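Here is a walk through one fold, written for someone who would rather look at contacts and angles than at a cartoon. Have the viewer open as you read.

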Amino acid sequence: MGIDLLEYQTTLDARFSLSGIGVHSGESVSIHFNPADADTGIVFQRIDENAEGKVIRALAAEVGETDFCTGLGDTSGDHVATVEHLMAALSAMGIDNAAIEIDGGEVPIMDGSAAVFVEAFRQAGIRQLDVKRRYIRIKKPVRIGMGNSWAEFLPHDGTRFEVEIDFESPAIGRQAFAVDMNAEVFAREIARARTFGFIKDVERLWAAGFALGSSLENSVVIGEDHRVINMEGLRYEDEFVRHKMLDAVGDLALAGARFIGCFRSYRGGHRLNAAALRHLLTDPSAFEIVETTRRERGRGAEMIAVNAPVYAPWVL
């Protein structure tokens with residue numbers, strides 16, 4: 001195949017920690033990243049005083065809330081909200097296994113993007129393990145619609161994202177962005193795109209318990225006059241659609257394996273991303289599980305289908 005795929009699973013090379021506030025809870029939180037064995041996947045564990053300490057796997061089957069963020073676990077017990085930026089960075093940077101301890105119910109928002117996570121992973125280092133990595137290869141188109149929004153997976157020789165948004169506000173309007181995804185592209189073109197919102201929605205969000213930690217330090221804010229009120233302006237001319245792509249990368253990372261195919265969406269969001277992923281994974285005829293193999297010395301890697309065990313993470 002004409003695509004660059006890693007043959008073996010990876011993990012972090014060293015433990016490290018980050019601290020910040022939750023964009024919705026407004027509470028301070030520390031998060032600790034630990035290397036993990038092959039086939040662990042990405043797992044979270046709450047370590048705050050009142051937590052049960054159960055392991056929460058970063059998988060589609062664990063998705064709970066999708067209003068304004070993506071949350072894992074049961075909100076009446078141990079759960080972790082706003083995982084999408086972190087999951088995007090883990091997936092795009094090629095990290096398959098990590099054990100993450102967190103002393104609160106929400107991943108810190110940092111600067112509203114995934115850039116801090118990308119840099120932290122680079123500093124910690126990424127270590128290759130001796131177990132093969134598996135991929136989800138899309139075999140046929142799968143599409144889902146929600147009102148005027150839609151999302152679909154298509155067969156493609158690589159991992160591609162095509163995201164389009166359409167807002168009434170002239171500050172955003174209609175924007176589209178498409179890339180063939182890899183670690184370099186993500187770090188350069190997508191990771192720095194920040195979450196955004198409208199000043200007119202602030203009181204409604206506060207009343208509903210959201211955006212309590214939002215500020216100009218971690219969000220792009222659009223004022224009543226449809227202008228960006230952040231003094232530094234935008235990081236990219238089309239930062240809004242790039243952030244929506246960042247969210248999509250993180251939401252689809254909950255498949256439990258990277259996909260080989262193209263994901264396209266129009267006016268998408270966390271709820272649509274989660275629904276599209278579930279729609280794909282509940283149709284066994286739409287995908288196959290593959291891994292790389294090197295048949296002869298000096299030849300490039302090829303992909304072969306493998307039998308997925310019944311406990312595979314992509315089985316809902």
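Predicted model: local features only at pLDDT ≥ 70, side-chain atom pairs only at ≥ 80, totals over all residues.

**The core**

Let's start inside. The largest nonpolar core has 77 residues, and the members touching the most others are F33, F44, L86, F121 and F186. Helix α5 (residues 239–252) supplies the largest share of this core, with seven residues. As background, nonpolar side chains in soluble globular proteins tend to be buried together.

Which residues does L86 touch, leaving aside those up to four places away in sequence? The list is I31, F33, F44, I100, V107, F117 and F121. Of these, F33, F44 and F121 are also named among the core members with the most contacts.

**The open sheet and its helices**

Next comes an open sheet of five strands with mixed pairing, in the order β2-β3-β8-β4-β5. Its edges are β2 (16–21) and β5 (55–57), each of which pairs on one side only. From one strand to the next, the twist averages 25°.

Helix α1 (residues 84–92) covers β3, β4 (42–46) and β8 (98–102), and runs at about 145° to β4. Helix α2 (residues 115–124) lies across β2 and β3, and its angle to β2 is about 165°.

**A helix pair**

How do α5 and helix α6 (residues 270–281) pack? Their angle is about 40° and their axes are 9 Å apart. The crossing, where α5 passes α6, is right-handed. On the α5 side the contact is made by D247, A248, D251 and L252, and on the α6 side by H270, N273 and L277.

**An enclosed strand**

Now look at strand β10 (residues 134–138). Because four of its five residues are buried, β10 is largely enclosed by the rest of the structure. Strand β18 (residues 287–293) runs antiparallel to β10, with five bridges between them, and Y135 stands opposite V290 of β18. Strand β17 (residues 258–266) runs parallel to β10, joined by three bridges; here I136 has F259 as its bridge partner.

**Residues worth a click**

Backbone first. F68 has a positive phi of about 70° although it is not a glycine, and F68 sits in the loop between β5 and β6 (72–73). R267, also not a glycine, has a positive phi near 55° and belongs to the loop between β17 and α6.

Are C69 and C262 buried or exposed?

| Residue | Relative accessible area | Class |
|---|---|---|
| C69 | 2% | buried |
| C262 | 4% | buried |
| R267 | 37% | partly exposed |
| F68 | 44% | partly exposed |

So C69 counts as buried because its 2% is under the 20% limit, and C262 counts as buried at 4% for that reason too. As for disulfides, the structure holds zero.

Conventions. Residues numbered from 1 in each chain as written. Heavy atoms only, no water. Disulfide = S-S within 2.5 Å. Buried < 20%, exposed > 50% of the residue type's maximum accessible area, 1.4 Å probe, protein only. Core = buried A, V, L, I, M, F, W, Y, C linked by side-chain atoms within 4.5 Å. Helix = DSSP H or I, 4+ residues; strand = E, 2+ residues; numbered from the N terminus. Contact = heavy atoms within 4.5 Å. Pairing = 2+ DSSP bridges. Axes fitted to C-alpha atoms, helices over the stretch in contact; angles between N-to-C directions. Left-handed = near helix turned anticlockwise from the far one by under 90°.
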